[in-house]
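Have the structure open beside you as you read.

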Amino acid sequence: MWQRSVCVGLLALALGYLCVLGPELPPAALRQLSASLLGTLRRARSLEARTVAAWQAAIVRPARGWARVAVGVNACVDVVLSGVKLLEALGLEPSDGKDHAVLNSGQDLKEAFAHFMERGAAAERFFSDAEAFQDIARTASEHPAAQILLCGPVGPKLHELLDDNVVVPPESMQERDEFHLILEYQAGEQWGRVRAPAANRFIFSHDLSNGALNMLEVFVSSLDEFQPDLVVLSGLHMMEGQSKEMRQRRLMEAVASISDIPTDIPIHLELASMTDQDFMSNIVHQQVFPLVNSIGLNEQELLFLTQSASGPHASLASWSGIPDVGVVSDILFWILKEHGKTAARASDLTRIHFHTLAYHILVTVDGHWGNQAAAVAAGARAAGTQACATDTIDTTKVFLKAPLEFVTSHTEAPSKISLNPDEPVVQWHREGISFHFTPVLVCKDPVRTVGLGDAISAEGLLYSEAYPQ
């Protein structure tokens, strides 16, 4: 670090000396030397500082923004605390990791937590035993380090946390809150033999109201009066706590309700961790994807989606380290090419916002969305500020983890991209579909891991413009 500072100081002195001698030098030589020295000064800044500066220039408001946004239907009170400390408070000893589609006991909880902590991966599961969950939730709420975060069905605590500007339909009020427990862990944190390679969180709940999408019809019926410019939906993953028959019936009813939303109002769907491949396949192939204009998802959800729907790279069991950009790009392209809007297909899907720890990609069908370079940069900037809990990015607290070189595909002749921090938003095109890629400045010591995906997608939408069709 000190070597860079000395270099910058010497270059500044040299530039000043040139200015003094300027009248004695030919104008062309002076311009060339000045440009060379200024270029060296720019390169002497850290990669992180150069990326932030370039983002600031790229992030501009869209010509037409959203004045009114309707958000539903997964509402709850999140209790956020250290996963290891909660498990210790519950008297649960470290054990080998094992994934469980549904948690039925404390044993299942500790095994699933260890499984995902070992991979540094985000996950969410339903806890089937209501009484046991209430006991765990009580212990979590009483923990001195627990924080409550507002994240549908609105109970008294959630209503208390809402801003006065948030409109809550009276029909969505209920007597009790739904609590979700967010077990966070830090990079390098250890629990028994398990060591986390990256900071993340494991979520579980016994949430029957959101699991049945109880407030979806109330939400949709309230749109006539509210008149939103944009609708943001989430919570489909919560239905995995229902029986298979109930889930399928409720999904069909949800599809009918979503179909009632006027087609001139864009709909964004935020996906989350799921375990039932048949359920995901129904969402992709038959049910929900054709009704929404935009989706947001992370690397775990993207891989599960392609595995469930027999997409490209479906044989890949899991990601190894940073997800390969070419693999991610192939899957995103396939989603829009096979399930997105075309002249021959009755689908409204034209946009996907993908986010992983090291980088983000925004993919759009040409002619439907604008300002996406600004949108993807804004989402990446939000990831850094949210994780570090700062108003702006502090370049001493973040680092660049994205690959500096990557290929754009593994299924067709790829382009090879070299990342330039002075132009961190990279674009490429493929058969009428545009890709916008940018790295993320990863927080070295994250203060928050929960809610980052929602914040990223929200910021990306804030800077996006949907073209009238």
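Ser 82 sits in strand 2, which covers residues 77-82; strands here are DSSP runs of E with at least two residues, helices are runs of H or I with at least four, and both are numbered from the N terminus. The model is predicted, so local features need pLDDT of at least 70 and side-chain atom pairs count only at pLDDT 80 or more, while totals for chains, interfaces and linings use all residues. Residues are numbered from 1 along each chain as its sequence is written, and side-chain values use heavy atoms, with hydrogens and water left out.

Is Ser 82 buried or exposed? Ser 82 counts as buried because its relative accessibility is 19%, and buried means under 20% relative accessible area (exposed is over 50%, partly exposed is in between, with a 1.4 Å probe and protein chains only). A polar atom of the Ser 82 side chain lies 3.2 Å from the backbone nitrogen of Lys 85. Leaving aside residues up to four places away in sequence, Ser 82 touches Glu 184 and Glu 189, where contact means heavy atoms within 4.5 Å.

The other serine, Ser 415, is found in the loop between strand 17 (405-407) and strand 18 (416-418). With a relative accessible area of 39%, Ser 415 is partly exposed. Again not counting residues up to four places away in sequence, Ser 415 touches Phe 406, Val 407 and Thr 408. Gly 326 is 89 residues from Ser 415 in sequence, yet their C-alpha atoms are 9.5 Å apart in space.

Rolling a probe the size of a water molecule over the atoms shows where empty space is left. A cavity is a set of points, on a 1 Å grid over the protein atoms alone, where a 1.4 Å probe fits but cannot get out, and lining residues have an atom within 4 Å of a point.

| Cavity | Volume | Lining residues |
|---|---|---|
| Largest cavity | about 100 Å³ | three nonpolar, five polar, three charged |
| Second largest cavity | about 60 Å³ | eight nonpolar, two polar, no charged |

Strand 4 (residues 123-127) gives the largest share of the lining of the largest cavity, three residues. That lining also includes His 237, Met 238 and Ser 273. For the second largest cavity, strand 10 (230-234) and helix 10 (244-259) each supply at least two lining residues; Leu 213, Leu 216 and Val 73 are among the residues lining this cavity.

Across the whole chain there are 15 helices and 22 strands, and buried residues make up 53% of the 469 residues.

Key: Polar contact = N/O pair within 3.5 Å; in protein donor to acceptor, adjacent residues only side chain to side chain. 1 Å grid on protein atoms, 1.4 Å probe; cavity = no way out; pocket = protein on both sides within 12 Å on 5 of 7 lines; lining within 4 Å. Points joined across faces, edges and corners; volume = space filled by probe spheres on them. Nonpolar A, V, L, I, M, F, W, Y, C, P; charged D, E, K, R; others polar.
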